[in-house]
Amino acid sequence: MIVEPVPSGNEAYLRFAELWRKAMTSIGRYEVYQLPEYWWRLAKEAGFNITLKKIIRWNSYVPSEVLMNMGEETVKEWKELGVHKEIIEEFKEFLKEKPKMKWSDIAVIVASRA
């Protein structure tokens with residue numbers, strides 16, 4: 001089973017993801033999220049039969065208070081990890097805008113060997 005965020009979403013999520021990538025790259029921690037087609041192809045090339053491929057979509061926005069609380073915790077964590085101050089300030093400015101954000105969609109792939 002593969003469960004992976006889809007690197008797309010509404011405008012606010014895309015900005016959030018961009019800032020997250022900048023923060024993680026600044027401290028040498030970066031993971032590239034792949035499109036679902038990448039995972040489908042990889043499973044097939046590895047000899048698996050795909051029994052389910054589904055994109056789970058968010059239907060509602062992250063509540064503002066949840067996003068703000070998460071943002072505060074993220075800032076604390078980034079400071080501890082040594083993320084560049086400029087990126088942290090950019091993230092704080094993003095949060096001040098009180099964005100209407102949905103999380104990224106989630107790709108779910110279930111595969112098995114015959």
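**Notebook: S104 and its surroundings**

I began with S104, which touches P5, V6, S8, Y13 and W58 once neighbours within four places in sequence are left aside (contact means heavy atoms within 4.5 Å). This is a predicted model, so I note the limits: local features need pLDDT of at least 70, side-chain atom pairs count only at pLDDT 80 or more, and totals for chains, interfaces and linings use all residues. Residues are numbered from 1 along each chain as its sequence is written, and side-chain values use heavy atoms, with hydrogens and water left out.

**Confidence**

I looked up pLDDT, the predictor's confidence in each residue from 0 to 100. The protein averages 92, and 99% of the residues score at least 70. Among the elements, helix 4 (residues 85-96) has the highest mean, 96, and strand 1 (residues 2-5) the lowest, 91. Elements here are DSSP runs numbered from the N terminus: helices are H or I with at least four residues, strands E with at least two.

S104 sits in the loop between helix 4 and strand 3. Is S104 buried or exposed? I found S104 buried, because its relative accessible area is 4% (buried is under 20%, exposed over 50%, partly exposed in between, with a 1.4 Å probe and protein chains only).

K98 lies in that loop between helix 4 and strand 3 (106-112) too. K98 is exposed, because its relative accessibility is 54%. I also noted its phi near 45 degrees, a positive value in a residue other than glycine. From K98 I went to E65, 33 residues away in sequence and 9.3 Å away in space, C-alpha to C-alpha. E65 belongs to helix 3 and is exposed, with a relative accessible area of 54%.

M70 is in helix 3 (residues 64-81). M70 is partly exposed at 22%, and beyond its neighbours within four places in sequence it is in contact with F16 and W103.

L95, in helix 4, counts as buried because its relative accessibility is 9%. Which residues does L95 contact, leaving aside its neighbours within four places in sequence? I listed L67, M68 and G71.

**Strands**

I checked what pairs with strand 3 (two strands pair if DSSP finds at least two bridges between them). Strand 1 runs antiparallel to strand 3 and is joined to it by 4 bridges; I2 stands opposite I109. Strand 2 (residues 49-56) is also antiparallel to strand 3, with 7 bridges, and there L52 has V110 as its bridge partner.

**The largest pocket**

Last, I looked at the largest pocket, with a volume of about 320 Å³. A pocket is an open set of points on a 1 Å grid over the protein atoms alone, where a 1.4 Å probe fits, with protein on both sides within 12 Å along at least five of seven lines; lining residues have an atom within 4 Å of a point. The volume is the space filled by probe spheres set on the points, which are joined across faces, edges and corners.

I counted 15 lining residues, with Y13, A17, W20, R21 and Y33 nearest the centre. Helix 1 (residues 11-26) gives the most to the lining, 7 residues. The lining divides into 11 nonpolar, 1 polar and 3 charged residues (nonpolar: Ala, Val, Leu, Ile, Met, Phe, Trp, Tyr, Cys and Pro; charged: Asp, Glu, Lys and Arg; polar: the others, Gly among them).
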